[in-house]
Amino acid sequence: MNNGISTHRGLLGSSFFASVCFWIAISPAFAQQSAPRDPAEPQQGQPHPKVLLRPAAAIARQSVDEKSMRALIDQLVSCGTRLSLSSWTDAKRGIGCGRDHIVARLNEIAKDSGGKLQVVVDKFDSTSERTSGKPLHLESVYAILPGSDPKLAKTLFIVSGHYDSRPSDVMNTEADAPGADDDASGVSVSVESARLLSKAAANGKGGYRATLLFAAIPGEEQGLLGGYRLLEWAKQQGYAIGGMLDDDIVGDDPSPGAPHRVRLFSGNGEIDDCDSPGRELARAIEEIDGRENIRMIFRVDRYGRGGDHYPFYKAGLPAVRFTEPLEDYTHQHQTPRKENSIEYGDFAKYLNLTFLGEVARDNAEALGQLAMAPAAPTNARLTGAVTPDAKVSWSAEDDPERASFEILWRETTEPRWQVYDFAASPGETVLRGVSTDNHFFAVRAVGKNGARSIAVPTEIERRPPPLPAGAKQ
Ligand SMILES: [Zn+2]
């Protein structure tokens, strides 16, 4: 069956690219691109960088254990409701039942990891309108795979799903709320990523230099309470956030032709050129997993909606959200019932395990490569306005595992970076004859293993406008 899937994916990939090529061939944009370059951007002198190959994919699609993912989802659904206001102590019904199943599964995985994976239950109180303004006891489950590099071990790459669920009324503790897709599916991706990556680490493969955290958190439906807590907890532990991947509603893909590409949401941020850290994380994930697998959406979340990546995004950190291609609103946030012959309710029978398995592989592969990469550069700057040459500078600590830096650029209208040139060491590089005005620029670090940090866009040099004569600044 797995072979069938990869063959299908192969076909999907080739037909996707074939159609892209066809589109390019007939598109007026192609004519525009193949036209002589603008004389203001002369071709001469432009470097032709030899791009170092990325690490070969470490997480094979057939190594994803869809059966165990489904078993965990069924166990979570069997708790009846996992509303954050329901019981934390009843082993059979309520959110405590959900926590117990997740902890048990992660402990199994930790055992197989030769003790590398550490399972932590983080107990805390939180308050929102949806807790009637009263402090609510909550418990998050984290599995931690410590990084192997002493300098990078305090950088954290997170994958998270929320294990609370809700019926139509978000305050109703009695109604059933199976929450198979929203969001037992995301929890299963986080837990399966823990299995795949800790197994690789236990086998001496992987070489994850940064620390990986696999989270299952509560309180999402009560106001992202687990997401805010996760950010606070990480800071308290002294971690810097390398990246946060939120998986929420990733289990269904009902349209003909499935599996389709998972959607990957990233917000614009607040700077002029829409290059938020979350956007850079999204671009890095798309490069790692391929355009045939990831559909980037340049928007912080589905229109008017939110998720646990949001607290990280608002804090200016690299955070993104994975969500299935086409949501079915009769399944989400619905008390199970039948009305006008429509069945409402978020049941496991609607899930597409082939699609869910793809999402798990895409998450695990991206997390693994990001955790293998050197630290991202800092203080990236662009200077040289009103001169013929752009000058890009950046800082980075010494790292014997780093091969070089890639200087990236893109047309201001392009969504994706291209490699302009390499630089062996931090400092300033002059891009001869390149205007500061017509492209955006960024820098990223490349490891000897081929793994890339996320890109760091150059900060804009602020030139104060000339003041009228006699005016004081
Ligand atoms: Zn959700």
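## Disulfide

Cys-79 and Cys-97 are both buried, where buried means under 20% relative accessible area, exposed over 50% and partly exposed in between, with a 1.4 Å probe and protein chains only. The two residues form a disulfide with sulfur atoms 2.0 Å apart; the criterion is a pair of cysteine sulfur atoms within 2.5 Å. The count by this rule is 1 disulfide. The link of Cys-79 and Cys-97 is left-handed, with -75 degrees about the S-S bond. Distant parts of the chain are linked by this pair: Cys-79 is in the loop between helix H3 (66-77) and H4, and Cys-97 is in helix H4, 18 residues apart. Helices (H or I, at least four residues) and strands (E, at least two) are DSSP runs, numbered from the N terminus.

## Basis of the values

This is a predicted model, in which local features need pLDDT of at least 70 and side-chain atom pairs count only at pLDDT 80 or more, while totals for chains, interfaces and linings use all residues. Residues are numbered from 1 along each chain as its sequence is written, and side-chain values use heavy atoms, with hydrogens and water left out.

## Sheet and packed helices

An open sheet of mixed pairing is formed by 8 strands in the order S1-S2-S4-S3-S5-S8-S6-S7; two strands pair if DSSP finds at least two bridges between them. Strand S1 (118-126) and strand S7 (294-298) are at the edges with a single partner strand each, so one side of each has no neighbour in the sheet. From one strand to the next, the twist averages 25 degrees. Axes are lines fitted to C-alpha atoms, for helices over the stretch in contact, and angles run from 0 to 180 degrees between N-to-C directions.

Strand S3 (residues 155-162) pairs with strand S4 (residues 211-217) in the parallel sense over 7 bridges. Leu-156 has Thr-211 as its bridge partner in S4. Helix H4 (residues 95-112) packs on the sheet, touching S1, strand S2 (136-145) and S4, and its direction makes about 15 degrees with that of S2; contact means heavy atoms within 4.5 Å. Helix H5 (residues 180-202) lies across S2, S3, S4 and strand S5 (240-247), at about 145 degrees to S3.

## Salt bridges

The count comes to 34 salt bridges, each a side-chain nitrogen of Lys or Arg within 4 Å of a carboxyl oxygen of Asp or Glu. In one of them, Asp-289 and Arg-361 have their closest N and O atoms 3.3 Å apart. Asp-289 lies in helix H7 (residues 277-289) and Arg-361 in helix H9 (residues 353-372), so the pair ties together parts 72 residues apart in sequence. Both Asp-289 and Arg-361 are buried.
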